[in-house]
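The notes are grouped by topic.

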Amino acid sequence: MKKTPSTLSTLENAGLSAEDQLLFSNARPRPYEPYPIKAIEDFANWARANSLWILAFGTGCCSIELRPLMTARFDASRFGVAGRPTPRQSSVFIIGGYVSVKTLKRIVRSYEQMQGPKFIIALGSCPANGGMYFDSYNTINQFDLYLPVDLYVTGCMPRPEALLGAILELQDDIKAGKCDGANRYIEHFDEYKANQKKVIKDWNMPDYNW
Ligand code: SF4
């Protein structure tokens with residue numbers, strides 16, 4: 001495996017008590033390695049693109065648009081989209097609007113527990129630039145400083161058609177092998193983690209939530 005700074009040392013897990021440090025792994029996450037045969041990787045990407053499982057976690061008001069997506073009118077299931085109640089079974093995290101610092105901690109925990117390859121769609125103006133909460137003391141105004149975003153959908157709030165369009169675009173990007181957000185997270189892990197710790201003051205979890 002290619003050596004990157006993120007694979008050279010173990011994690012400190014300094015936020016955990018000595019007792020809890022024994023319970024959690026201090027291994028660094030590894031980047032996804034494509035299959036050596038291109039045809040197999042293309043096939044895997046085709047399968048991934050056609051079975052997008054969305055983590056049912058609404059962060060802000062934009063999340064209300066996730067519900068109609070699964071109704072008969074928009075029927076996202078015809079594209080292989082399904083909602084899942086746990087990060088362990090999900091491959092897509094839709095950041096549904098503004099993200100408070102308190103929510104960011106839960107988002108980081110949930111995202112890291114998702115199995116790779118995994119993808120993030122950021123919905124609404126708030127994750128892109130803070131939106132109407134741009135000067136709030138407790139809201140993130142540039143989400144991709146903390147976790148990697150594969151696709152932005154702008155608007156306040158974007159309609160379900162826009163979200164459905166984003167899902168189709170994400171499918172095209174996955175099939176073309178262009179969605180590398182999860183690997184970007186691993187390759188720049190220390191920078192992302194430093195940004196997360198700068199705003200999350202009560203850091204009492206492992207450095208990577210396996
Ligand atoms: S973009 Fe608008 S609708 Fe979406 S979370 Fe922000 S304020 Fe709410």
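Predicted model: local features only at pLDDT ≥ 70, side-chain atom pairs only at ≥ 80, totals over all residues.

Pro148 sits in the loop that runs between α5 (125-129) and β5 (151-153).

**Pro148**
- Pro148 counts as buried because 21 other C-beta atoms lie within 10 Å, where the cut-off for buried is 20 or more.
- Leaving aside residues up to four places away in sequence, Pro148 touches Ile120, Gly181, Ala182, Arg184 and Tyr185.
- Between Pro148 and Asp180 there are 8.9 Å in space, C-alpha to C-alpha, and the two are 32 residues apart in sequence.

**Helices α2 and α6**
- Helix α2 spans residues 38-49 and helix α6 spans residues 160-175; they pack at an angle of about 165 degrees, and their axes are 8 Å apart.
- The angle therefore makes α2 roughly antiparallel to α6, since angles over 145 degrees fall in that class.
- The crossing of α2 and α6 is right-handed.
- On the α2 side the contact is made by Asn45, Trp46, Arg48 and Ala49, and on the α6 side by Gln171, Ile174 and Lys175.
- By class, this contact of α2 with α6 comprises three nonpolar, two polar and two charged residues.

Technical notes:
Residues numbered from 1 in each chain as written. Axes fitted to C-alpha atoms, helices over the stretch in contact; angles between N-to-C directions. Helix = DSSP H or I, 4+ residues; strand = E, 2+ residues; numbered from the N terminus. Parallel < 35°, antiparallel > 145°, perpendicular 65-115°, else oblique. Left-handed = near helix turned anticlockwise from the far one by under 90°. Contact = placed C-beta atoms within 7 Å. Nonpolar A, V, L, I, M, F, W, Y, C, P; charged D, E, K, R; others polar. Buried ≥ 20, exposed ≤ 12 C-beta atoms within 10 Å, placed from the backbone.
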